[in-house]
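Let's walk through this one with a few questions and answers. Have a look at the sequence and the 3D view first.

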Amino acid sequence: MSLHHDLGDVGIASALRRDGRVAGALYLVVVLTGMFCLAWVPSQLGTDAAGAAAQVGVFRAGIAAFLLMQVAFLLLPLAMYRVLGDINRHAAVAMVALATVSVPIGLVTLSHRLEALALLESIGQHPPASVDAAFQLSLQRYGHGMFIAKLFWGLWLLPFGWLVLRSGRLPRVLGLLLLLGGVGYVLQVFGGLLPGFANSSLSNYATLPAALGEIGSCLWLLLFGVRVGVVRTHSA
């Protein structure tokens with residue numbers, strides 16, 4: 001009986017390590033595509049339609065990367081559920097639900113980016129002033145949608161970070177960073193409704209713990225999988 005029990009634990013530990021690396025690979029896709037489409041692409045585009053039209057290939061690549069990010073982010077919490085779901089089922093379900101909600105919001109929001117792309121491709125067929133006004137409006141609508149999606153990008157980190165802290169399957173410092181990052185996202189969203197908050201230092205650094213925690217979790221999972229000193233705990 002003891003031998004069978006030990007073999008069962010070995011099998012569970014092996015499965016956890018495998019699932020951890022799968023989650024790490026998905027997280028890497030989310031991190032890389034997110035850095036590309038949310039940070040690098042906007043930095044390459046001009047502030048008006050004419051400037052963006054000069055980089056229309058980059059604009060298209062950003063849309064493709066955003067789509068890929070959404071697919072990976074839909075699968076990521078499911079992969080994390082396999083890693084952490086036995087620690088606390090309720091928290092793990094909340095983690096999956098909160099992350100998943102952001103995906104349809106992101107995809108609907110992307111439609112405004114597609115509208116902007118169509119406007120860039122129509123330059124020369126309409127007066128420049130009208131194209132630029134419509135382009136700016138599309139980007140503004142895109143920004144509003146991203147503002148809503150950002151709330152759920154933060155909320156899912158709260159149960160995720162708590163599960164990491166409780167399980168010890170990843171370094172607990174990562175769990176703490178994830179929790180702080182989740183709070184930072186929520187603070188940034190609700191604080192963004194207040195005049196002047198968006199330009200404050202608190203707003204600029206509120207999501208830094210999330211970036212450190214998510215990149216750190218991604219790399220740890222990809223390189224090491226998960227710690228399996230405690231294979232199973234209660235699932236209350």
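Q: Which residues does W156 touch, not counting residues up to four places away in sequence?
A: Contact here means heavy atoms within 4.5 Å. Leaving out residues up to four places away in sequence, W156 touches Y27, F73, L76, P77, M95, L98, A99 and E214.

A quick note on the numbers: this is a predicted model, where local features need pLDDT of at least 70 and side-chain atom pairs count only at pLDDT 80 or more, while totals for chains, interfaces and linings use all residues. Residues are numbered from 1 along each chain as its sequence is written, and side-chain values use heavy atoms, with hydrogens and water left out.

Q: Is M95 buried or exposed?
A: M95 sits in helix α4; helices are DSSP runs (H or I, at least four residues), numbered from the N terminus. Buried means under 20% relative accessible area, exposed over 50%, and partly exposed in between (1.4 Å probe, protein chains only). M95 has a relative accessible area of 0%, so M95 is buried.

Q: How does D19 count at 10% relative accessibility, buried or exposed?
A: D19 is part of helix α1, residues 2-44. Not counting residues up to four places away in sequence, D19 touches R82 and V83. At 10% relative accessibility, D19 therefore counts as buried.

Q: With which residue's side chain does the side chain of D19 make a polar contact?
A: A polar contact is a pair of N or O atoms within 3.5 Å; within protein, one must be able to donate a hydrogen and the other to accept it, and residues adjacent in sequence count only if both atoms are side-chain atoms. At 3.4 Å, the side chain of D19 makes such a contact with the side chain of R18.

Q: How far apart in space are M95 and L107, C-alpha to C-alpha?
A: In sequence, M95 and L107 are twelve residues apart. In space, C-alpha to C-alpha, M95 and L107 are apart by 20 Å.

Terms used. Helix = DSSP H or I, 4+ residues; strand = E, 2+ residues; numbered from the N terminus.
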